Amino acid sequence: MSRPHLRRTIVLASASPRRKELMASLQLEFEVLPSDADESVPAEWSPEQVVTELAVRKAEAVREQAAAQWRDALIIGSDTIVVLDGRIFGKPVNEVDSEDMLTKLQGRTHHVYTGIACVDATTGHTRTEYSRTAVHMKSLTPQRIQAYVRSGEPADKAGSYAIQGLGSTLVERIEGCYFTVVGLPVPVLSDMLEEFGVSVLEA
């Protein structure tokens with residue numbers, strides 16, 4: 001059961017079912033405002049810059065609405081990317097793109113970056129962090145890649161796979177935080193919430 005928190009209304013700036021599930025795991029009540037922030041970034045930005053800046057943009061995109069609806073709203077924005085050889089893999093545009101991504105990722109180690117931004121809707125005070133996890137993907141045949149793409153699961157996932165679903169069968173092992181790969185590193189988020197007066201584990 002979610003616990004009400006008297007000091008803050010937590011607002012998740014995301015329509016992602018995966019992020020909603022991870023937020024719910026903290027057993028804190030929260031609201032959801034989907035964000036439609038511009039996700040274009042300069043090519044020279046580092047992965048860390050990309051995920052933290054986009055996390056801020058997503059939170060800022062709903063800040064006015066959140067401030068109008070809830071007193072003392074604390075907005076959480078998050079962004080996830082996959083990186084291999086310095087190339088950023090976002091969400092695929094179609095099935096051909098998904099197959100191309102997975103063909104490049106298979107049999108190799110890539111990194112997943114997830115950025116988090118916590119924004120005070122009233123004051124604008126902002127805190128950002130990011131987490132990085134290494135993912136070792138199995139060697140995959142073209143047939144297996146095509147079968148996975150046909151499942152439909154890769155359609156809206158960074159890097160064209162979901163580690164919490166069928167995509168788990170494509171992964172050999174990870175080094176780092178599993179939740180980073182899913183899309184919201186809750187161990188990092190819980191520490192950030194503490195800084196805004198929201199305690200996940202209250203005495």
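The model is predicted. Its largest pocket has a volume of about 620 Å³. Of the 34 residues that line this pocket, Arg19, Lys58, Asp79, Thr80 and Lys91 are the closest to its centre. Strand β3 gives the largest share of the lining, five residues.

**The largest pocket**

- By class, the lining has 17 nonpolar residues, nine polar ones and eight charged ones.
- A probe the size of a water molecule, rolled over the atoms, shows where empty space is left.

- Asp79 sits in strand β3, which covers residues 73-84.
- Is Asp79 buried or exposed? Asp79 is buried, because its relative accessible area is 4%, below the 20% cut-off.
- Its side chain makes a polar contact of 2.8 Å with the side chain of Lys58.
- Leaving out residues up to four places away in sequence, Asp79 touches Arg19, Glu39, Val50, Val51, Leu54, Ala55, Lys58, Tyr113, Thr114 and Gly115.

- Most residues other than glycine have a negative phi.
- Asp72 has a positive phi, near 60°.
- Asp72 lies in the loop between α3 (63-69) and β3.
- With a relative accessibility of 33%, Asp72 is partly exposed.
- Asp85 has a positive phi too. The value is near 55°.
- Asp85 lies in the loop between β3 and β4 (87-89).
- Why does Asp85 count as exposed? Its relative accessibility is 61%, and exposed means over 50%.
- The side chain of Asp85 makes a polar contact of 2.7 Å with the side chain of Arg108.
- Asp85 and His110 are 25 residues apart in sequence. In space, their C-alpha atoms are 7.9 Å apart.

**Asp120, in strand β5**

- Asp120 belongs to strand β5, residues 109-120.
- Asp120 is buried, with a relative accessible area of 8%.
- A polar atom of the Asp120 side chain lies 3.0 Å from the backbone nitrogen of Thr123.
- Which residues does Asp120 touch, not counting residues up to four places away in sequence? They are Arg8, Arg63, Ala73, Leu74, His125 and Phe196.

**Aromatic pairs**

- The structure holds two aromatic pairs.
- One of them joins Tyr178 and Phe179, with ring centres 5.6 Å apart.
- The planes of Tyr178 and Phe179 meet at 70°, so the pair is edge-to-face. The cut-off for that class is over 60 degrees.
- Tyr178 is partly exposed, with a relative accessible area of 34%.
- Phe179 is partly exposed as well, at 31% relative accessibility.

Conventions. Residues are numbered from 1 along each chain as its sequence is written. This is a predicted model: local features need pLDDT of at least 70, side-chain atom pairs count only at pLDDT 80 or more; totals for chains, interfaces and linings use all residues. Side-chain values use heavy atoms; hydrogens and water are left out. Helices (H or I, at least four residues) and strands (E, at least two) are DSSP runs, numbered from the N terminus. Buried means under 20% relative accessible area, exposed over 50%, partly exposed in between (1.4 Å probe, protein chains only). A polar contact is a pair of N or O atoms within 3.5 Å; within protein, one must be able to donate a hydrogen and the other to accept it, and residues adjacent in sequence count only if both atoms are side-chain atoms. Contact means heavy atoms within 4.5 Å. On a 1 Å grid over the protein atoms alone, a cavity is a set of points where a 1.4 Å probe fits but cannot get out, and a pocket is an open set with protein on both sides within 12 Å along at least five of seven lines; lining residues have an atom within 4 Å of a point. Grid points are joined across faces, edges and corners, and a volume is the space filled by probe spheres set on the points. Ala, Val, Leu, Ile, Met, Phe, Trp, Tyr, Cys and Pro count as nonpolar, Asp, Glu, Lys and Arg as charged, and the others, Gly among them, as polar. Rings of Phe, Tyr and Trp (its six-membered ring) pair if their centres lie within 6.5 Å; planes under 30 degrees apart count as stacked, over 60 as edge-to-face and the rest as tilted.
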